[in-house]
Amino acid sequence: MKLLTHNVLSSKCLKGVSVGYPLRLNATDIKVVDVDYNSEFVQRMIPKINYSALYDAAQSIGHHNGLPDTVAEDYEHNEEFLKAVHHVLLEVDIVSGDLECPESGRKFPITRGIPNMLVNENEVNEINDSNGY
Amino acid sequence: MSSVRRPEHLAPPEVFYNDDEAKKYSQNSRIIEIQEQMSERAMELLMLPEDKPCYVLDIGCGSGLSGSVLDEQGHFWVGVDISPAMLDVAHDREVEGDLILGDMGEGMPFRAGTFDGAISISALQWLCNADKSSHNPVKRLYKFFSTLNACLSRTARAVFQFYPENSSQVELITSQAMKAGFYGGVVVDYPNSTKAKKFFLVLMTGGNMPLPKALGTEGESSSVQYSKKREQLDSARNSRGKSLKNSRQWILEKKERRRRQGKTTRDDSKYTGRKRSGRF
Ligand SMILES: C[S@@+](CC[C@H](N)C(=O)[O-])C[C@H]1O[C@@H](n2cnc3c(N)ncnc32)[C@H](O)[C@@H]1O
């Protein structure tokens, strides 16, 4: 699982959880892989991702080297910054560990790089029509 | 004549898609070809901004055949599936996208506005079944569509190729999608062919746009906006499995679409779409 995926996952499907974001990342096995650099994709993702959650997640697993703690102002033209984001978003792969809901403490295990987001019926949040989804 | 039983009636998806079934998705060339064709068609209907690398959700991503089509088209993706065996095949195929073990009916576990679009190949009909006593298909469909709507960007589409069992199932699905805030409807390709007929639910966030034209309809449209009812689904159960790519009409239409997109395309000839004799 890439840190990009971590950046977009939430546990708000759980009963009683209102935001469920960001999930705490505990990694027991990390692999660094090569992914072709696509400057346009990284540029498009920067306004979408939660940058501080990305930075914190990378830092918590010791892979924030080269990543500034805030978005560079001229990021579209800052190749060095875009490449650092590319690396952290797409090349740092969590092979095993877990994701922890910040509100309930519920853990979602990651095995073979695949997070298990299945929940039991009694854990799911019943939604009704007036709910602001 | 007894009809073939639908897989959704046999077992829950995480049981039906076991190691043996999952293996077919890496070994059976017919299954692979059909899954890829339907994924390519779904991508056409998705109408992502041209030549931009997008972030796409693949719902019921299974063995990653649909994901490979996304890879080929230069997109980045995340797939969700309920079957560990299918995800293992995807893992072994070394697809580029990330895989998540999850149940559509429990909702899509993503932040708001994350994806530029979503596709789903042959998975949606599974949600119409109650596999546990606690399952309520209407609620699960609504939960799925409302959380999907939330995690898409504001001008996105979601395209589902699916195998409806009958017209009331189409009604059930589309009504829950609408209730969850989507616009759109169903596009039926090759409506007059029992074998090549394919159903695509095309959903849009943001506003209602005309539905794309169906293939194989020779002029008259067989796209159905939500509000209109129709009873043309009786032969839906026969719609599985015909290889669309072998038909001359499919090739002609694909070439026409490529020409419209300004891509290089060979001229049509009387040989277009014919079986080749001899081996290469
Ligand atoms: C015909 S397969 C599609 C395979 C996939 N497109 C591929 O490229 O391999 C349908 C998939 O839908 C998945 N599915 C069925 N019900 C589901 C659910 N409730 N949640 C998530 N996935 C589901 C199945 O596990 C199966 O992998």
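**Reading a ligand site and a chain interface**

Colleague: Let's start with the ligand. Which residues are the closest to the ligand, and how many surround it?

Modeller: The ligand has 23 residues around it, and the closest are B:S63, B:L65, B:D81, B:D103 and B:M104. Please keep in mind that this is a predicted model.

Colleague: What classes do the residues of that shell divide into?

Modeller: The shell around the ligand has 11 nonpolar residues, nine polar ones and three charged ones.

Colleague: Which polar side-chain atom lies 2.6 Å from an oxygen atom of the ligand?

Modeller: That atom belongs to B:D81. The backbone takes part too: a polar backbone atom of B:S66 is 3.0 Å from an oxygen atom of the ligand, and for B:I82 a polar backbone atom is 3.3 Å from a ligand nitrogen. As for cover, the ligand taken alone exposes 600 Å², and the protein buries 99% of that.

Colleague: Now the chains. How should I read the area that chain A and chain B bury between them?

Modeller: Here is the general idea. The accessible area lost when parts come together is often used to give the size of an interface. In this model, chain A and chain B bury about 3300 Å² between them, with 56% of it on carbon and sulfur atoms. In residues, 37 from chain A are in contact with 38 from chain B.

Colleague: How many salt bridges does the rule find across this interface?

Modeller: The general idea is that side chains of opposite charge can pair when their charged atoms come close. Across the interface of chain A and chain B there are four salt bridges by the rule. One to look at joins the side chains of B:D88 and A:R112, with N to O at 2.9 Å. Over all chains, the structure holds 12 salt bridges. The B:D88 and A:R112 pair crosses between chains, from helix α6 (residues 84-92) of chain B to the loop between β3 (107-111) and β4 of chain A.

Colleague: In what order do the elements of chain A run?

Modeller: From the N terminus on, the order is α-β-α-α-α-β-β-β, which comes to four helices and four strands. The C-alpha trace of chain A spans about 45 × 35 × 20 Å along its principal axes.

Colleague: Let's finish with the backbone. Where is there a cis peptide bond, and which residue other than glycine has a positive phi?

Modeller: In general, most peptide bonds are trans, and most residues other than glycine have a negative phi. In this model a cis peptide bond joins A:Y21 and A:P22, with omega about -15°. A:P22 is in the loop between α1 and β1 (24-32) of chain A. In chain B, B:D51 has a positive phi, near 55°, and lies in the loop between α4 (29-46) and β1 (55-59).

How values were computed:
Residues numbered from 1 in each chain as written. Chains lettered and ligands numbered in written order. Predicted model: local features only at pLDDT ≥ 70, side-chain atom pairs only at ≥ 80, totals over all residues. Heavy atoms only, no water. Contact = heavy atoms within 4.5 Å. Buried area = accessible area lost by both parts, 1.4 Å probe. Near = heavy atom within 4 Å. Polar contact = N/O pair within 3.5 Å; in protein donor to acceptor, adjacent residues only side chain to side chain. Areas by Shrake-Rupley, 256 points an atom, 1.4 Å probe, with all protein chains shown as cover. Nonpolar A, V, L, I, M, F, W, Y, C, P; charged D, E, K, R; others polar. Helix = DSSP H or I, 4+ residues; strand = E, 2+ residues; numbered from the N terminus.
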